Amino acid sequence: MASLVQKISLMVLLLTGFVWLSEGEVCRECTKCPQYWMEIGEYCYQYFGNKMKFHDAENICNRIGGDLPSIRNEEEGNTIYQLWKGLVNNPTKMDYAYWIGLRDTHQEKKFEWTDGTPLQYNNWKHGEPNNWENEDCVEIRNAGNNDYERQRWNDRGCNHDRAFFCRKPLN
Ligand SMILES: [Ca+2]
Ligand SMILES: [Ca+2]
């Protein structure tokens, strides 16, 4: 006959298992992106092909609970570029460009990500950022003859109209 301690142990074990399973259920739900968002890695993405000024794009992203994307490393940059390539018609057409969440609007030459990510990585095109005619917002500029060149960055006037992504973390 099982001792009281054994019985209690079994109950605790069953309860723990139940809680663990329930959490599993909950988390399966909470790790899905909402409708109309694309899930890639730890983020949900939405693409906006209607071109907008940087600050309007940023506001749209904020309103739907996200940000313009920040890029922390080469892999993340490539993820966004590959996603874009799969979404647009004729991705090899030169000079398509789309906003990322980087700008030096607060202080010239001090670039900051709109989502607060510290700037520890960059992928500027050769000769950029050049602040030509006072450029304070950053685009990925699809120019160059290979995938590497086509995902590099350029500072551009914030009032230009550009396509953009919004991104938010899964959790
Ligand atoms: Ca600037
Ligand atoms: Ca520039």
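## Exercises on a calcium site and its surroundings

Pro129 sits in the loop between β4 and β5 (strands are DSSP E runs of at least two residues and helices H or I runs of at least four, numbered from the N terminus). The model is predicted: local features need pLDDT of at least 70 and side-chain atom pairs pLDDT 80 or more, while totals for chains, interfaces and linings use all residues. Residues are numbered from 1 along each chain as written, chains are lettered from A and ligands numbered from 1 in written order, and side-chain values use heavy atoms, without hydrogens and water.

**Exercise 1.** State which protein atoms are donors of the calcium ion (ligand 1), and give their spacing along the chain.

*Solution.* 
1. Along the chain, the donors follow D-x3-E-x22-N-x3-E-D.

**Exercise 2.** Classify Asn131, Glu135 and Asp136 as buried, partly exposed or exposed.

*Solution.* 
1. Asn131 has 21% relative accessibility, so this residue counts as partly exposed (buried is under 20%, exposed over 50%, partly exposed in between; 1.4 Å probe, protein chains only).
2. Glu135 has 6% and therefore counts as buried.
3. Asp136 has a relative accessible area of 14%, so Asp136 is buried.

**Exercise 3.** Describe the position of Asp136 and its contacts outside its sequence neighbourhood.

*Solution.* 
1. Asp136 belongs to the loop between β4 (112-113) and β5 (137-142).
2. Leaving out neighbours within four places in sequence, its contacts include Asp104, Glu108 and Asn131 (contact: heavy atoms within 4.5 Å).
3. Leu102, Arg103, Thr105, Arg156 and Cys158 are also in contact with Asp136.
4. For Asp136 and Arg156, the C-alpha to C-alpha distance is 6.1 Å, across 20 residues in sequence.

**Exercise 4.** Find the backbone nitrogens that the side chain of Asp155 reaches, and the peptide geometry between Glu128 and Pro129.

*Solution.* 
1. Asp155 is placed in strand β6 (residues 153-156).
2. A polar atom of its side chain lies 3.2 Å from the backbone nitrogen of Asn130.
3. The Asp155 side chain reaches the backbone nitrogen of Asn131 at 2.6 Å.
4. Among the contacts of Asp155 beyond four places in sequence are Glu128, Pro129, Asn130, Asn131 and Glu135.
5. The bond that joins Glu128 and Pro129 is a cis peptide bond, with omega about 0°.

**Exercise 5.** Identify the buried residues of helix α2 (residues 54-63) and what covers them.

*Solution.* 
1. Phe54, Ala57, Glu58, Ile60 and Cys61 are the buried residues of α2.
2. Their arc around the axis is only 160°, so they are on the same side of α2 (the arc uses directions from the helix axis to the C-beta atoms).
3. Their cover includes β2 (43-52), β3, β5 and β7 (162-169).
4. Just after α2, Gly65 has a positive phi of about 85°.

Methods: Donors are N, O and S atoms within 2.8 Å of the metal (3.2 Å for Na, K and Ca); water is not among the atoms, so sites may look incomplete. A polar contact is a pair of N or O atoms within 3.5 Å; within protein, one must be able to donate a hydrogen and the other to accept it, and residues adjacent in sequence count only if both atoms are side-chain atoms.
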